[in-house]
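Please consult the sequence and the structure shown below.

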Amino acid sequence: MSSSDIAATMNSLGQAARAAATLMARSSTRARNRALTELAQRLRTADASLQAANARDISAAEAAGLAAPMVDRLRLTPKVIATVAEGCEQLAAMPDPVGEISGVKRQPSGIAVGQMRVPLGVFGMIFESRPNVTIEAASLAIKSGNACILRGGSEAIHSNLALWRLVQDALEAAGLPKTAVQMVETTDRAAVGRLIAMPEYVDVIIPRGGKGLIERISAEARVPVIKHLDGNCHTYVDARVDLEQALVVTDNAKTQKYSPCNATESLLVHADAAAAFLPRIGAIFAAKGVEMRCCPASKAWLAEVPGARLADATEADWSEEYLAPIISIKLVADLDEAISHINRYGSHHTDAILTTDHPSAMRFVREVDSASVMVNASTRFADGFEYGLGAEIGISTDKFHARGPVGLEGLTSLKWVVLGQGEVRG
């Protein structure tokens, strides 16, 4: 496609999305819930065309030499389909945030002032690899009364288009505009450049993918962006700690799954807990093949662990998001040093303290500058589903509007509502 063709196509998508957003904002909760249940049903009974589309993407990815983990992310297995269908039904069962008025207070003048939750309008979603994101984004847009324009990765184009057609069918069955969820059908990267530069049509952009994608979107967008760049998450083991609990939680935070952005990448240990904790967690990591990149003090405690894969940590390791069986380990003198280290090197995503000391826990919660801060829990819980949001569109480490897992409320904003009985200002 020529640049003029792409501009015309994206403008057409934007105009249709803006018109659909008006209809979605005034649609009934019942209609939006019906669209979600219709979508779940269509996913569960999807015909061979969906599997054929997915097979085309898998075949092309393998022929292109895509790494096996990336190919796996493309697969629409029965389990993946069942999970996204269940997510649609869970969203349908959740309370509708749109139109809720809260915090109403009567003022001395006689007026009552409150805030109403309303849809954002139109969001653009740019994502890579996983085609199930098509359904997650579409279902959240429907429930929150928004319209959206989706642009998935070229490696999943056929799967994304097949899923999108199911979404459109569900919207139509519920009496809602099919253009409430639109898919960019070209794989030309110029389409992304236009999507992120249409403030007249798009209210917010949500990128979901690798750091390179998100950095590009953040640098070039003329539309507000909800994003996080890195997931350099920390687990800090305090001096006063339930040792057995700390071992279980730390192990889970690192090894339950290596690739998510909420996996722990850096372990901080109070010097007073090192003797009891480090050799035992080191043995667990050694048994699972986790490489430990250590400061000199922590390496000394781990040196005698059989089979331990040890390396000297560099300055870069304290900021690294490995997404792999690698963890950096550092001994700290006290809570102050732990908090200072996290705020300096962390990505402000998710950080946890393991402690039996309540004042230390509360200091950590107050002073660690991250979107999610945890006490005696695995960082792997930093997820919209686990937080009871039904689903998430992504995770934000920004401080405006939405922070942490972004679910239904993150796709809405608040406007002031004033209720009066003829009051005038003197």
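Arg18 and Asp203 form a salt bridge, their closest N and O atoms being 2.9 Å apart; the term denotes a side-chain nitrogen of Lys or Arg within 4 Å of a carboxyl oxygen of Asp or Glu. This is a predicted model, in which local features need pLDDT of at least 70 and side-chain atom pairs count only at pLDDT 80 or more, while totals for chains, interfaces and linings use all residues. Residues are numbered from 1 along each chain as its sequence is written, and side-chain values use heavy atoms, with hydrogens and water left out.

**Salt bridges across the chain**

- The Arg18–Asp203 pair links distant parts of the chain, 185 residues apart: Arg18 is in helix H1 (residues 3-25), and Asp203 is in the loop between helix H8 (190-195) and strand E6 (204-208).
- Helices (H or I, at least four residues) and strands (E, at least two) are DSSP runs, numbered from the N terminus.
- Arg18 is partly exposed at 27% relative accessibility, and Asp203 is partly exposed at 28%; buried means under 20% relative accessible area, exposed over 50%, and partly exposed in between (1.4 Å probe, protein chains only).
- By the stated rule, the count is 26 salt bridges.
- A network of salt bridges links Glu291, Arg293, Arg309 and Asp317.

**Asp251 and Lys288**

- The closest N and O atoms of the salt bridge between Asp251 and Lys288 are 3.0 Å apart.
- Asp251 lies in helix H10 (residues 243-255) and Lys288 in the loop between helix H11 (274-287) and strand E9 (291-294), so the pair ties together parts 37 residues apart in sequence.
- Asp251 is buried, at 16% relative accessible area, whereas Lys288 is partly exposed at 41%.

**Helix H13**

- Glu315 forms a salt bridge with Arg344, with 3.6 Å between the closest N and O atoms.
- Because Glu315 lies in the loop between strand E10 (309-312) and strand E11 (326-332) and Arg344 in helix H13 (residues 335-345), the pair ties together parts 29 residues apart in sequence.
- Glu315 is partly exposed at 47% relative accessibility, while Arg344 is exposed at 60%.
- Leu335, Ala338, Ile339, His341, Ile342 and Tyr345 are the buried residues of H13.
- Seen down the axis of H13, these buried residues fall within an arc of 160 degrees, so they line one face of the helix; the arc is that of the directions from the helix axis to the C-beta atoms.
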